[in-house]
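Welcome, and thanks for taking a look at this one. Please open the structure and keep it beside you as you read.

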Amino acid sequence: MSRVHDALRRAERFGSESEEPSARSVNEASPRESKERLHATLLHAEPSAAPVGATAVPPDPVSLHVTPEEPAPATTAEPPRFGIEEPLRNTAAEPPRPVYEPGQAMPIEPPKPPALESPVFHYRVSGSNGTAAAELLANVVEIPFRPAPDAHLIDWRSPQETPSEEFRSLRTRLNHLKAAQPLHTLVITSPSPAEGKTLTATNLALAQAHLAENRVLLADFDLRRPMIHTVLQTDRYPGLSDYLLGHVPLSAALRKVTDTNLYVLPAGTPVKNPLELLNLKQAKMLMEDLPKVFQWSIFDTPPLLFSADANLLATLADGTLLVVRIGETTFDNVIRAMQSLCENNVLGIVANGARASELYSKYTYYYSRPE
């Protein structure tokens, strides 16, 4: 009985306390009940309520059933080339580019050659009798042979005159030299002014042009005091300077003497810097191309001791003739002129201003004898 009373007293003492299950009772729940609760949580929308204060039990990895995701449908879009997505191009404007797979060797395109820089009015031909040469010379304006009264030029209509024979002899010697070495361009100069270089250049060109099929050019490279246009009484421009500056084509700068094989290239418009003009690339190219059109190109140039023009042209031409005047040119000037040329392709010296002698009287006697 005493034990029963003691139990009743303890019940009255703790009657006001909540009768929640203790943590020990919760923790001591059977494993079977825990698994049933876990399956209810995974398989049903409303799982069975867990007791308050229960500790979450980790799920059993064996009991988990994960549904694999379906693979994404394959797309036909082209993968980006080399990791870069190029924008769409207008294929109507340019042809489509070839597509290369990653890792495929791409062909290397050869570099494009640079654009050739050619003079606007430059002229080249493959030979003296080429079609281009014929087209060039066909557009040249013809002028009559009308020399100045005091020019002392030889005339093919009077072949028996003594000066004509002298220049024929000079022509023959030059043609013999031409057979032994390349000789197409010839510079005519003198040590000092008024020694007869223009007279020699013009008469030698006329004598060469008297030969059949011997196309000859007489060019006035004396841009300081030109005289060719005055001797032949033609226009000074357009001429050499206008062609070198690109103002006119070569055919417009040339003149052809009627009924002859002689072509004339006057000096052209006056310039302030003749030496700088002759140093242009076009001047050198002109000197290289003239032998492709003309058998002989004869240049009248300034005096050697007064400018450097003739020295420059002598380095570009095939040969040089030095003209001296008997009784006027000093021996010292001849030595200085030869030293300035450095004997650069000097073919010889022409003596001008010789007096009439027994030789010339024999010429007159020979041609005046009746047959």
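The notes below go from the overall picture to the charged side chains. Please keep in mind that this is a predicted model. The chain has 371 residues, and 35% of them are buried. Its secondary structure consists of 14 helices and eight strands.

**Confidence**
- Average pLDDT for the chain is 76, and 59% of the residues reach at least 70.
- Over residues 62-66 pLDDT stays under 50, and the model has three contacts beyond four places in sequence for them.
- Residues 79-94 also stay under 50 in pLDDT, with 10 contacts beyond four places in sequence.
- Where pLDDT is low, the predicted coordinates should not be read in detail.

**Overall fold and surface**
- Of the contacts with a separation of 6 or more, 77% are between residues 24 or more positions apart.
- The accessible surface is about 24,800 Å², and carbon and sulfur atoms contribute 55% of it.

**Salt bridges**
- Glu-165 and Arg-168 pair at 2.9 Å, N to O. These two residues are three apart in helix α5 (residues 162-180), so about one helical turn separates them. Both Glu-165 and Arg-168 are buried.
- Asp-222 and Lys-197 pair at 3.3 Å, N to O. Asp-222 sits in the loop between β3 (216-220) and α7 (228-232) and Lys-197 in helix α6 (residues 197-209), so this bridge ties together parts 25 residues apart in sequence. Asp-222 counts as buried because its relative accessibility is 4%, and Lys-197 counts as buried at 9%.
- Lys-197 and Asp-222 also belong to a salt-bridge network with Asp-300.
- Asp-309 and Arg-224 pair at 3.0 Å, N to O. This pair links distant parts of the chain, 85 residues apart: Asp-309 is in helix α12 (residues 309-316) and Arg-224 in the loop between β3 and α7. Asp-309 is buried, with a relative accessible area of 0%, whereas Arg-224 is partly exposed at 43%.

- Asp-242, in helix α8 (residues 240-244), is buried yet has no salt bridge. Arg-255, the nearest side chain of opposite charge, is 7.3 Å away.
- What does the side chain of Asp-242 make a polar contact with? One partner is the side chain of Thr-269, at 2.6 Å. A polar atom of the Asp-242 side chain also lies 2.9 Å from the backbone nitrogen of Gly-239.
- Leaving aside neighbours within four places in sequence, Asp-242 is in contact with Tyr-237, His-247, Val-248, Gly-268 and Thr-269.

Technical notes:
Residues numbered from 1 in each chain as written. Predicted model: local features only at pLDDT ≥ 70, side-chain atom pairs only at ≥ 80, totals over all residues. Heavy atoms only, no water. pLDDT = per-residue confidence, 0-100. Contact = heavy atoms within 4.5 Å. Helix = DSSP H or I, 4+ residues; strand = E, 2+ residues; numbered from the N terminus. Buried < 20%, exposed > 50% of the residue type's maximum accessible area, 1.4 Å probe, protein only. Areas by Shrake-Rupley, 256 points an atom, 1.4 Å probe, with all protein chains shown as cover. Lys, Arg positive; Asp, Glu negative; His and termini not counted. Salt bridge = Lys/Arg side-chain N within 4 Å of Asp/Glu carboxyl O. Polar contact = N/O pair within 3.5 Å; in protein donor to acceptor, adjacent residues only side chain to side chain.
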